[in-house]
Amino acid sequence: MREPAPADARVALDARQHDLARRFDAVRARTATLAAPISAEDAMVQSMEDASPTKWHLAHTTWFFERFVLAEMPEHHAFDPAWDYLFNSYYQGVGPMHARPKRGLLSRPTLSQVAAYRDTVETRVREQLRRGTMAAHLLDIVELGLQHEQQHQELLLTDIKHAFFSNPLHPAYRDDLPVTRGEAAGLRWIARSESIAQIGHAPWPGACGFASDNESPRHRALVPAHALASRPVSNADFRAFIADGGYRTAAVWLSAGWDTVRARGWSRPLYWNAGMDAEFTLAGWRELDPEAPACHLSYYEAEAFARWAGARLPTEFEWEQAAQALPVAGNFVDSDHLHPHAAPCASTGLQQMFGDVWEWTSSAYTAYPGYRPWPGTLGEYNGKFMDAQWVLRGGSCATSADHMRASYRNFFPSDARWQFAGLRLAKDSA
């Protein structure tokens, strides 16, 4: 295959900048749309240490482009040098940062000042892209910045949901969200033979399509014979677990999980009412749909349910191998439902592998064989969190469809409940 001529390379670079400019506008516009229902008062609330205020999300995703893209250009002048400290998240390589648990104390800058910051940085990045003079390595960082912002779009929704749930008035983020109910198909088991699977993604940049460094290198994994449930565990399924004393039966819990249940008084999923017939949603309190996937479950709760059901959680390799043959289609944020809903009854294969709820796996979040983080400060993006966390797969109703792929690895600690996380059962073949 011939090397591309300089003219060919220039055409390819121009096309990439044009595509990035289009996507930059689309991703930034979606963030603004998601933040639009949130008032200035709402936007600075931080309801727990694991969450961040909406205003901080808006500023941090802008800081990323200023710090890692615009700051590389000699003509750039910082919007406000002090904000480099305020809106750095965890990048030790670029300096100190404001403590995460105290982000809710940042009444200043104001929401309008953060909006002006977003407008200024957007204009500068957009001008560089449309001018067609941005260096190739900066285009890679713009791509990473867009993927990073899509992650924060999901966090913006999950964090404001927790904040509104923590408010005694239980306000709705949006009261116009559709009510979707249905009759889910009965749970079936889909057997899969033992095989050697190709897992992960070729390293990026340079590979076809974006992937995070924690998805590489692509490698082979032995996947024993097993069976996967045809759909995620439903609310009705989880209510049966509770009715059978699931939260009162130590035998089905990991030791640390049982300690957590007792210490925190867990007796049902995070957003369910005591009667287990309603749940708090981004549209406020709504009737619980028994056929929709159960969500806002911790790893401890997912693992306990699987034990109670006489099954287990799938490994991430079992999950990825099954998902590779399926289209990335489902109930994502693009559908504007912002809540999981029941799968259609007609399907005879695996349902809801993508969208609706993230699915806990039994795989610890560790490095693949031969893993190398990205060079420089951006190498802090994933690798340093490979400690005491579990992998989730598939995306949720708050994830963008074009952000998801079969090799995507999300990760959270065992007790995290505020994400749209559920589970799919697996079992060993006899």
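**Close-up 1. The lining of the largest cavity, by residue class.** Six nonpolar and two charged residues, with no polar ones, make up the lining of the largest cavity in this predicted model. Here Ala, Val, Leu, Ile, Met, Phe, Trp, Tyr, Cys and Pro are nonpolar, Asp, Glu, Lys and Arg are charged, and the others, Gly among them, are polar. You will find Pro 53, Lys 55, Trp 56, Phe 87, Arg 103, Leu 106, Pro 109 and Val 114 around this cavity, whose volume is about 40 Å³. On a 1 Å grid over the protein atoms alone, a cavity is a set of points where a 1.4 Å probe fits but cannot get out, a pocket is an open set with protein on both sides within 12 Å along at least five of seven lines, and lining residues have an atom within 4 Å of a point. Points are joined across faces, edges and corners, and a volume is the space filled by probe spheres set on them.

**Close-up 2. The second largest cavity.** This cavity holds about 30 Å³ of space. Its lining divides into five nonpolar, four polar and one charged residue, among them Gln 46, Ser 47, Asp 159 and Ile 160. Helix H5 (residues 136–166) gives the most to this lining, with three residues; helices (H or I, at least four residues) and strands (E, at least two) are DSSP runs, numbered from the N terminus.

**Close-up 3. Gly 145 in helix H5.** Gly 145 lies in H5 and counts as buried because its relative accessibility is 0%, where buried means under 20% relative accessible area, exposed over 50% and partly exposed in between (1.4 Å probe, protein chains only). Leaving aside residues up to four places away in sequence, Gly 145 touches Phe 64 and Phe 65, contact being heavy atoms within 4.5 Å.

**Close-up 4. The largest pocket.** About 860 Å³ of space lies here. Of the 35 lining residues, Tyr 90, Arg 100, Leu 155, Phe 411 and Phe 412 lie nearest the centre. H5 gives the most to the lining, with six residues.

**Notes.** Residues are numbered from 1 along each chain as its sequence is written, and side-chain values use heavy atoms, leaving out hydrogens and water. As the model is predicted, local features need pLDDT of at least 70 and side-chain atom pairs count only at pLDDT 80 or more, while totals for chains, interfaces and linings use all residues.
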